[in-house]
Amino acid sequence: MKRLAGKTAIITGGASGFGEAMAKRFAGEGANVVVADLNLVGAEKVAADIGKSAVAIHADVTRKEEVDVMVQAAMDAFGRIDIMVNNAGFTHRNGSMLGVDEATFDLITGVNMKAIYYSALAVVPVMERQGGGSIITTASTAGLRPRPGLTWYNASKGWAISATKSMAIELAPKNIRVNCLCPVAGETPMLGLFMGEDTPEKRAQFKATVPLGRLSTPLDVANAALWLASSEADFITGVALEVDGGRCI
């Protein structure tokens, strides 16, 4: 029996990186998947790679009306929503906190924070009617162990972790589990922003801070998300799961 057989998942930021890996991993375990992303062409490619159990949709998660359309599209396609993955993320380039302009700050808070609020407004009533569900947010080790250079990004991920825990308490009576993932920097399109620049020297310097000696991979994160979404984690809620090779120790 596949671990997500009969379930439907929405994955934001699903066109690349962690989101693409989650979409393919979930589908491989039997889930219907809505691949949502600003990059519709990329989302359509991921959905096409998966096949008939996936649909792609353009979604700007900073806009409530687009989140509502995304959720309705999932219902229209598959008739239910069991898993909501708030994976879309944004960051400023590593550097002084005083060098981040207001537009960038607003986009960070919109994608990393407000989008969680919008998705909750849309999916919690659906999950409650169905008798339960699972909400998973991609947070970061930056929210647990912040370091200079990514101050506003760190703060947004700390907010996401706190929101996860508070949502878990409030939604537990509805049988809706809420957890988040805290990956260390990984092989994604945003890696250069996190490090300031993506060079062999920067990678070696960063890997030296990870006890297991490497960056995270999309598959690492997808495997962790799969477990949290599955019935194997039915008694797990309010957890900020470190996927970090020991960096937060």
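Residues are numbered from 1 along each chain as its sequence is written, and side-chain values use heavy atoms, with hydrogens and water left out. Because the model is predicted, local features need pLDDT of at least 70 and side-chain atom pairs count only at pLDDT 80 or more, while totals for chains, interfaces and linings use all residues.

Helices (DSSP H or I, at least four residues) and strands (E, at least two) are DSSP runs numbered from the N terminus. Two packed helices are described by the angle between their axes and the distance between the axes. Axes are lines fitted to C-alpha atoms, for helices over the stretch in contact, and angles run from 0 to 180 degrees between N-to-C directions. Angles under 35 degrees count as roughly parallel, over 145 as roughly antiparallel, 65 to 115 as roughly perpendicular and the rest as oblique. A crossing is right-handed if the near helix is turned clockwise from the far one by less than a right angle, and left-handed if anticlockwise.

Helix 1 (residues 17-28) and helix 8 (residues 218-229) have axes that come within 8 Å and cross at roughly 50°. The pair is therefore oblique, and the crossing of helix 1 past helix 8 is right-handed. On the helix 1 side, the contact (heavy atoms within 4.5 Å) involves Gly-17, Phe-18, Ala-21, Met-22, Arg-25 and Phe-26. These meet Pro-218, Leu-219, Val-221, Ala-222, Asn-223, Ala-225, Leu-226 and Ala-229 of helix 8. By class, the contact of helix 1 with helix 8 holds 11 nonpolar, two polar and one charged residues. Here Ala, Val, Leu, Ile, Met, Phe, Trp, Tyr, Cys and Pro count as nonpolar, Asp, Glu, Lys and Arg as charged, and the others, Gly among them, as polar.

Helix 1 also packs against helix 2 (residues 40-50), with axes that come within 10 Å and cross at roughly 20°. This angle makes helix 1 roughly parallel to helix 2. Helix 1 passes helix 2 in a right-handed crossing. Glu-20, Ala-23, Lys-24 and Ala-27 of helix 1 form the contact with Val-46, Asp-49 and Ile-50 of helix 2. The residues of this contact comprise four nonpolar, no polar and three charged.

For helix 3 (residues 64-78) and helix 4 (residues 102-130), the axes come within 8 Å and cross at roughly 30°. Helix 3 is thus roughly parallel to helix 4, and the crossing is right-handed. Lys-64, Val-67, Asp-68, Val-71 and Met-75 in helix 3 meet Tyr-118, Ser-119, Leu-121, Ala-122, Val-123 and Val-126 in helix 4. Eight nonpolar, one polar and two charged residues make up the contact of helix 3 with helix 4.

Individual residues were examined for accessibility, where buried means under 20% relative accessible area, exposed over 50% and partly exposed in between (1.4 Å probe, protein chains only). Arg-177 is located in strand 6 (residues 176-183) and counts as buried because its relative accessibility is 8%. Polar contacts are pairs of N or O atoms within 3.5 Å; within protein, one must be able to donate a hydrogen and the other to accept it, and residues adjacent in sequence count only if both atoms are side-chain atoms. The side chain of Arg-177 reaches the backbone oxygen of Leu-228 at 2.7 Å, and a polar atom of this side chain lies 3.4 Å from the backbone oxygen of Ser-230. Leaving aside neighbours within four places in sequence, the residues in contact with Arg-177 include Gly-133, Ser-134, Ile-135, Ala-229, Ala-233 and Asp-234.

Glu-29 occupies the loop between helix 1 and strand 2 (32-37) and, at 13% relative accessibility, counts as buried. The side chain of Glu-29 reaches the backbone nitrogen of Arg-3 at 2.9 Å. Beyond neighbours within four places in sequence, Glu-29 is in contact with Lys-2, Arg-3, Leu-4, Ala-5 and Leu-226. Thr-8, in strand 1 (residues 8-12), is buried at 1% relative accessibility.

Most residues other than glycine have a negative phi. Asn-175, in the loop between helix 5 (151-171) and strand 6, has a positive phi of about 60° although it is not a glycine. Asn-175 is partly exposed, with a relative accessible area of 48%.
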